[in-house]
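Here are a few exercises to work through with the model open beside you. Try each task yourself before reading its solution.

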Amino acid sequence: MRLKSWLLSRPPKRQCVAGLDVGPNGAWLVVLNGPLAGAETLMCCELLDPPEGLLQGAQLLDPFALGHWLRRWLHDNNLSPNGLCLGLDDAWLTRQVVSLSAQLSERDVTFQLAAELPVVELADVSQLCWAYTPAASDINNPSSAVHTYAMAWLAQEPVQRLIGLAKAVGLRAWVVEPRSDAAHRAQRLAMLGSPPLAPSAAAAQTAFGLALSAWAETGMNFLPHRRWARQRRQRAWLQRLALALGVGVSLGAIATALLAHWAQSQQDSVADQALLAERLVRARETQQSLQVVHKQITAQRQWMQSQQNQQRHTVLWHAGLADANVWVSQLRQHQSHWVVQGEALSADQVQQWAVKLAQHPLWKTQPEVSELQFKRSASPSGGWVWHFRLEADLKEVR
């Protein structure tokens, strides 16, 4: 799965490339512009006229000064290419064709071809600049068991001069290839139908082919373009890895924050439940205390009301004693049971008084004469009188 993100660097949709051919016919500059699929517009095709002392045929006498002069020339002509493609004189090159197994990887191919250099050229490999490209037959037939590669090498000094020229111009050196390969590319394009963007000057065809090399997929490029491409792939992979790690870390942080929030909410919920349980226990204890107090107050109120009622009943039947025509010698009350003893002149007086007392609404059991005898009085006079005994039960007071 390919990850796409605005965080990853993207190549430009269009590119503007300058091809500089320094050869026997002078220094030609061709500038092409177009999308990544191919060049579309010929922006410049000029035979440069640099100051004397900077060039001698195809030899760069002062790459630094020539680069500064070319920078000013591009600025004066409102040209801002993204890169510079340069050509090498074929007289400086040594070429060879090598066949290798098609099963080899790109690094194995590079290693095997590098091993051919000391055998053919008795020189220090570190002092050589070399390049290779698959043969045209292998490009058209990638399924063959053996692939053929065209090799070329030369001393590093001419290539370093061209790279120094590009640095002085302030542009990126995209391609450094043989002039013959650039001219052959322009000829092939002309054979396909002579596109409108091709320059009319025949001497500018090599510079035109050099500018076209920025859109070519193969070619003899003496710059470490394979290593640069591998580094770009590695950077892209690292960027995707960093993006994936960043997304993973972000998702992990979000998940951790959500889990922490959930755990905190659970802890808060448990704490709230414990607090509610504690408050409920305290409320129940308070309720029980209030119930005890309420029972005590209710009992006290009932006792007070009972006492008041009993006192009122006592006052009522005490008032009945005041109206009696009998003499009360003894009065006893045990809770609600009432007993009265005394003397009367006649039995009718005792009965009448009992009936009169029974009219009061305070009796549970109305007064009854439980004893009535005629005998001497207990008083000092000692006369004959009726001794009586009345018993009754008061109503229960609530």
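## Salt bridges, burial and a charged patch

D90, R95 and D181 are linked in a network of salt bridges. The model is a predicted one, and it holds eight salt bridges in total. Let's look at some others.

**Exercise 1.** Find the salt bridge between E157 and R161, and work out how the two residues are placed in helix α4.

*Solution.* Start with the side chains: those of E157 and R161 meet with an N to O distance of 2.1 Å. Next, consider the positions in sequence. The two residues are four apart in helix α4 (residues 156-169), so about one helical turn separates them. Finally, check accessibility: E157 is partly exposed at 41%, and R161 is partly exposed at 25%.

**Exercise 2.** Carry out the analysis for R282 and E278 in helix α7.

*Solution.* The side chains of R282 and E278 form a salt bridge, 2.9 Å from N to O. Because they are four residues apart in helix α7, about one helical turn lies between them. For accessibility, R282 comes out at 40%, which is partly exposed, and E278 at 45%, also partly exposed.

**Exercise 3.** Decide whether E391 and R389 are buried or partly exposed.

*Solution.* First, locate the pair: E391 forms a salt bridge with R389, and their closest N and O atoms are 2.8 Å apart. Then apply the cut-off, where buried means under 20% relative accessible area. R389 has 19%, so R389 is buried. E391 has 24%, so E391 counts as partly exposed.

**Exercise 4.** Explain why helix α6 (residues 205-212) can be called largely enclosed.

*Solution.* Begin with the residues: T206, A207, F208, G209, L210, A211 and L212 are buried. That is seven of the eight residues of the helix, so the rest of the structure largely encloses α6. Now ask what the buried residues pack against: the partners are strands β1 (14-23), β2 (26-35), β6 (83-88) and β10 (172-178), together with helix α5 (179-191). Moving on to the loop between α6 and α7, we find A214. A214 touches Q15, V17, C85 and W174, leaving aside residues up to four places away in sequence. A214 also lies 8.5 Å from G83, C-alpha to C-alpha, although 131 residues separate them in sequence.

How values were computed: Residues numbered from 1 in each chain as written. Predicted model: local features only at pLDDT ≥ 70, side-chain atom pairs only at ≥ 80, totals over all residues. Heavy atoms only, no water. Buried < 20%, exposed > 50% of the residue type's maximum accessible area, 1.4 Å probe, protein only. Contact = heavy atoms within 4.5 Å. Salt bridge = Lys/Arg side-chain N within 4 Å of Asp/Glu carboxyl O.
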